Structures are given as C-alpha cells and as structure tokens.
Amino acid sequence: MRILAALMLGMLFGLGILISGMGNPAKVLNFFDVAGSWDPSLAFVMAGGLLVNVLGHQFVMRRSAPMLAQQFELPATSPVTGTLIGGAAVFGIGWGLSGFCPGGLIPVLGLGRSGPLLFLLGLLVGLGAARLRMVRQRFTPSEAES
Amino acid sequence: MLTTFTPFQSLCGGALIGLSATLLMLLLGRVAGVTGIVAGLLPPVSHDWTWRAAFLAGMIFSPWLYAAAGGGVIAIGISAGPAMLLASGLIVGVGVSYGAGCTSGHGICGLARFSPRSLAATLTFMATAAATVYFVRHVWGT
C-alpha cells in the first residue's frame with residue numbers, strides 16, 4: 001500500500017513538473033534571465049505549489065500521525081549555518097549552468113535525449129561522493145528536509 | 001531558446017506538485033524533496049529505500065501519464081553542451097548535499113512549513129542561479 005501510494009504520488013509530482021514547464025531547462029534559465037528572454041512562469045509554479053502545500057501542511061499537521069506510517073518525519077529545527085548557505089549557493093551555480101534541478105530532471109529522463117542522462121551521471125557522482133564523505137564524518141544534513 | 005509565458009499551466013502544474021507534497025506527508029509522513037529521496041538510494045542505502053524507488057519510478061513514468069491525459073509534445077530545450085551538463089550535474093549534486101535540499105525540498109516543502117533554513121537556502125540558490133545565468137548569457141557567452 002505504501003509502495004503503491006509512493007508510485008502514484010511520484011506520477012502526480014512528475015505530471016506537475018511536466019505541465020508547469022519545470023522539466024524544460026530553457027524555461028528555467030529564461031526565468032532567471034530578467035535582462036534577456038525573461039519568462040516569469042517559474043514564479044507561478046512556486047506560487048501554485050506553495051498555495052496548495054501551505055494550506056495542505058496545516059491540515060495534515062492536525063493529525064497525530066500519517067495514515068500509512070508510524071510518525072511524521074520532519075527535519076529537526078536547526079540554525080542557518082554556513083554549510084547550508086554555501087551548499088545552496090553551489091547548487092544555484094550548477095542549476096544556472098544547465099537549467100536542470102533534480103526535480104525537473106527525473107520526469108524527462110525517459111524522453112530519449114542524452115542531455116538529461118549526462119546531467120544525471122554528474123548528479124549521482126556528486127550526491128554519492130558528498131554522501132559518503134558526510135557519513136564518514138558522521139555529519140547528517142537533516143536528510144528529511146531535502 | 002525563447003519560451004512562452006504560461007501562467008495558467010505553470011500555476012496548475014505547481015498546484016499538482018504541492019498536492020503531491022501534501023499527500024506524501026499525509027500518507028507516508030515524508031517530505032517530497034527529490035534530493036533527499038534520491039540520496040537515500042545511494043550507498044549507504046537507507047532502510048526505507050522501497051518508497052523512494054517507487055516515488056522516483058512514478059516520476060520517470062509520468063510522461064506516459066501526461067500523454068495519456070492528452071498533453072502535447074514535451075518540449076525541452078538544452079543549451080549546455082555534454083561537458084557542461086556533466087559538470088552542472090556534479091556541482092548540483094555536491095551543492096544540494098551540503099545545502100540539504102533543492103527546489104522541491106526547500107522551495108515547496110520547507111517554505112510551506114515556514115522553515116527559516118529553507119527560506120535562507122531558497123533565497124541563496126535563486127540569487128546564485130540568477131547571477132550564473134547572467135554571467136553565462138551576457139558576459140561570457142557574448
């Protein structure tokens with residue numbers, strides 16, 4: 001039941017990515033290109049997502065537990081650190097170089113283009129290397145948050 | 001590549017992303033952050049890898065659902081070359097690991113919980129992405 005729910009919700013998430021245009025790197029880059037071919041669509045994706053999830057989250061948090069699991073796994077409240085800001089800054093640079101972010105990438109992997117697969121290869125190497133290094137240092141960047 | 005401003009589709013698509021995030025919290029109690037979901041499948045593999053794999057499989061199969069629902073051709077414009085795509089993926093992978101999340105985890109889920117960390121992270125990656133695009137398109141690329 002949990003697996004089926006996750007599969008369906010992954011499809012819903014991916015459908016949202018495809019309809020919104022977040023799976024198209026050109027559209028993402030144009031959102032940031034205010035000085036050039038600006039396309040403000042990405043702001044509407046954020047607005048739609050936040051509108052639903054802000055209300056939805058309030059509603060869900062009235063419950064004491066999720067419907068198909070023991071407990072809510074929310075990231076611990078921790079302070080804003082230099083590591084967090086540094087990591088986010090590096091992410092933004094990589095995002096701006098291609099227009100791909102992890103969420104936008106996955107739904108376009110199966111479209112038969114090589115570009116998304118190349119980005120995926122780099123992503124898995126970067127994620128994997130950082131994860132191993134963090135495990136060795138016993139540093140956990142509150143995984144549930146991401 | 002020029003793209004068309006699509007306020008209605010983007011708002012609706014965003015709402016579906018938000019709905020998926022809300023339902024994932026309601027049903028499984030988990031945050032819909034793609035970075036965290038993928039990371040748990042890399043070694044050392046998380047004990048709860050099954051729902052992660054299922055969620056990602058659903059995302060990979062979503063183009064078929066999109067086609068079945070009458071969606072048109074999925075246009076993707078990629079301007080970066082092969083080496084740049086690899087490098088971009090690598091940089092994103094390292095960044096989201098230390099930044100503890102990406103556009104979905106911080107931008108949609110964290111902000112909806114009014115998390116100060118997610119607000120700081122989102123403002124930071126939006127700013128550096130905009131600066132990078134400006135540099136690539138208007139300084140370096142001209």
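## Burial and overall form of chain A

In this predicted model, 53% of the 146 residues of chain A count as buried. The C-alpha atoms of the chain fill a box of roughly 50 × 35 × 30 Å when the box is taken along the principal axes.

Chain A holds 6 helices and 0 strands, and its pattern, read along the sequence, is α-α-α-α-α-α. If one considers the contacts in chain A whose partners have a separation of 6 or more, 49% of them are accounted for by residues 24 or more positions apart.

## Where chain A touches chain B

The contact between the two chains takes 106 residues from chain A and 108 residues from chain B. On the side of chain A that touches chain B, at least two residues are supplied by each of α1 (2-20), α2 (25-32), α3 (41-60), α4 (82-98), α5 (102-105) and α6 (114-136). Which helix gives the largest share of this side? That share, 18 residues, comes from α1(A).

When the residues on this side of chain A are sorted by class, 64 are nonpolar, 33 are polar and 9 are charged.

## A closer look at helix α3 of chain A

Helix α3(A) has 20 residues, and the distance from its first C-alpha to its last is 28 Å, which is close to the 28 Å expected at 1.5 Å a residue.

The buried residues in α3(A) include Ser41(A), Leu42(A), Phe44(A), Val45(A) and Met46(A), and also among them are Gly48(A), Gly49(A), Leu50(A), Val52(A), Asn53(A), His57(A) and Val60(A). What do the buried residues of α3(A) pack against? Within chain A they pack against α1 and α2, and in chain B they pack against α1 (7-28) and α5.

## The crossing of α3(A) with α5(B)

Helix α3(A) and helix α5 of chain B, which covers residues 103-112, pack at an angle of about 35°, and their axes are 8 Å apart. The crossing of these two helices, α3(A) and α5(B), is right-handed.

On the α3(A) side, the contact is made by Met46(A), Gly49(A), Leu50(A), Asn53(A), Val54(A) and His57(A), while α5(B) contributes Gly107(B), Ile108(B), Cys109(B), Leu111(B) and Ala112(B). By class, the contact of α3(A) with α5(B) has 7 nonpolar and 4 polar residues, and no charged residues. Met46(A), Gly49(A), Leu50(A), Asn53(A) and His57(A), which take part in this contact, are also among the buried residues of α3(A).

Key
Residues are numbered from 1 along each chain as its sequence is written. Chains are lettered from A and ligands numbered from 1 in the order in which they are written. This is a predicted model: local features need pLDDT of at least 70, side-chain atom pairs count only at pLDDT 80 or more; totals for chains, interfaces and linings use all residues. Helices (H or I, at least four residues) and strands (E, at least two) are DSSP runs, numbered from the N terminus. A residue is buried if 20 or more other C-beta atoms lie within 10 Å of its own, exposed if 12 or fewer, and partly exposed in between; C-beta atoms are placed from the backbone. Two residues are in contact if their C-beta atoms, placed from the backbone, lie within 7 Å. Ala, Val, Leu, Ile, Met, Phe, Trp, Tyr, Cys and Pro count as nonpolar, Asp, Glu, Lys and Arg as charged, and the others, Gly among them, as polar. Axes are lines fitted to C-alpha atoms, for helices over the stretch in contact, and angles run from 0 to 180 degrees between N-to-C directions. A crossing is left-handed if the near helix is turned anticlockwise from the far one by less than a right angle, and right-handed if clockwise. The expected span of a helix is 1.5 Å times one less than its number of residues.
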